[in-house]
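Open the model in your viewer and keep the selection tool at hand. Here is a short tour, stop by stop.

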Amino acid sequence: MSTNIRTMRYVVLAAAAALAWSSTAFAVGGPRGDIAAGKARFEYTPEGGQSCASCHLESGAKSIDGNTPLLAGQYADYLEKSLKDYRSGARVNVLMNAQVDAEEGTNKLTDADIANIAAYLASQPPVLSVYDHSLPKRR
Amino acid sequence: MSQREQGAVSACRAVARGGYNRGLGFPPDWPNLLERLMRRLLPALAGAALALVYTPAYAAGNPENGRQLAFTCSGCHGIEEYRNAYPSYRVPKIAGQNEAYLANSLKAYRDGSRQHPTMVAQASSFSDQDIADLAAYFSTQGRQ
């Protein structure tokens, strides 16, 4: 009986570990975005108007001005979160709110669009890097 | 120039010289003096004008101060693939990001218009100068 309980414990532990691992794995990539589709949607706005690429230049490696972030090589899940927050209005930026979710709903990004765009940008050669406090100042 | 006009000019000069000698008015050769002064000052004036044109709208940041403030940031932004919890996503890479964007983000966290518990808490203690310093520092970090 006691061995059974011990075994059960291991089974439960293993199951919990597997669950934790799978949920982490899901959160890391989310549903995998399609890079080619993301590139297309990034560069082309079906209903006309400004595309992402109009301001986030050269696949996100440059930008039209200093207020516009560089995106090339940024983490996909962070980009997804940002786009979803812009879409829901949780994050406020007049231009971006309108861009991903126009009042008329014309250019509204779907979840798939967002996953694709995020995957595309994350796949670009990074212009951003993880902060390293030990590095001396550049420039 | 007629004789009469010449007379008027020399009379004016005499009056000006007389005034100048009594401590009044411009020196009689003020055009020459002005020219010499301008030659001296022109580089400085041009520099000042250029500086005005190229000064960004926000306070200039000092990257050295930024580095002092940035130590705390490395706890999350300094770890590869570091994850935010609830919701779970990776903390963004910020080294090499645009300076104005970084400053805007910190200000938005500070005034609460951008929400993130940790970032709002961090930014709440920053002055405008702190934010400018951090933005100047991170924007120069790790750029290829």
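Helices here are DSSP runs of H or I, at least four residues long, numbered from the N terminus. This is a predicted model.

**Stop 1: helix H2 of chain A.** Select residues 35-43, which form helix H2 of chain A. A side-chain oxygen of Asp34(A) comes within 3.0 Å of the backbone nitrogen of Ala36(A), at the start of H2(A). Next, colour Gly38(A), Arg41(A) and Phe42(A): these residues of H2(A) are buried. They lie on the same side of H2(A), because they cover an arc of only 105° around the axis. What do the buried residues of H2(A) pack against? Show helix H3 (57-60) and H6 of chain A: those are the packing partners.

**Stop 2: Asn116(A).** Move on to helix H6 of chain A, residues 111-122, and pick Asn116(A) within it. Is Asn116(A) buried or exposed? Its relative accessibility is 14%, so Asn116(A) counts as buried, the cut-off being under 20%. Now display its contacts. Leaving aside residues up to four places away in sequence, Asn116(A) touches Gly33(A), Asp34(A), Ala37(A) and Gly38(A). Two of these names come from the previous stop: Asp34(A) and Gly38(A).

**Stop 3: the cysteines.** How many disulfides does the structure hold over all chains? The count is zero. Select Cys55(A) and Cys52(A): the sulfur of Cys52(A) is the closest cysteine sulfur to that of Cys55(A), yet at 9.2 Å it is too far for a bond. Then switch to chain B and select Cys76(B). With a relative accessible area of 30%, Cys76(B) is partly exposed.

Definitions and conventions:
Residues are numbered from 1 along each chain as its sequence is written. Chains are lettered from A and ligands numbered from 1 in the order in which they are written. This is a predicted model: local features need pLDDT of at least 70, side-chain atom pairs count only at pLDDT 80 or more; totals for chains, interfaces and linings use all residues. Side-chain values use heavy atoms; hydrogens and water are left out. Helices (H or I, at least four residues) and strands (E, at least two) are DSSP runs, numbered from the N terminus. Buried means under 20% relative accessible area, exposed over 50%, partly exposed in between (1.4 Å probe, protein chains only). Contact means heavy atoms within 4.5 Å. A disulfide is a pair of cysteine sulfur atoms within 2.5 Å. The arc is that of the directions from the helix axis to the C-beta atoms. A polar contact is a pair of N or O atoms within 3.5 Å; within protein, one must be able to donate a hydrogen and the other to accept it, and residues adjacent in sequence count only if both atoms are side-chain atoms.
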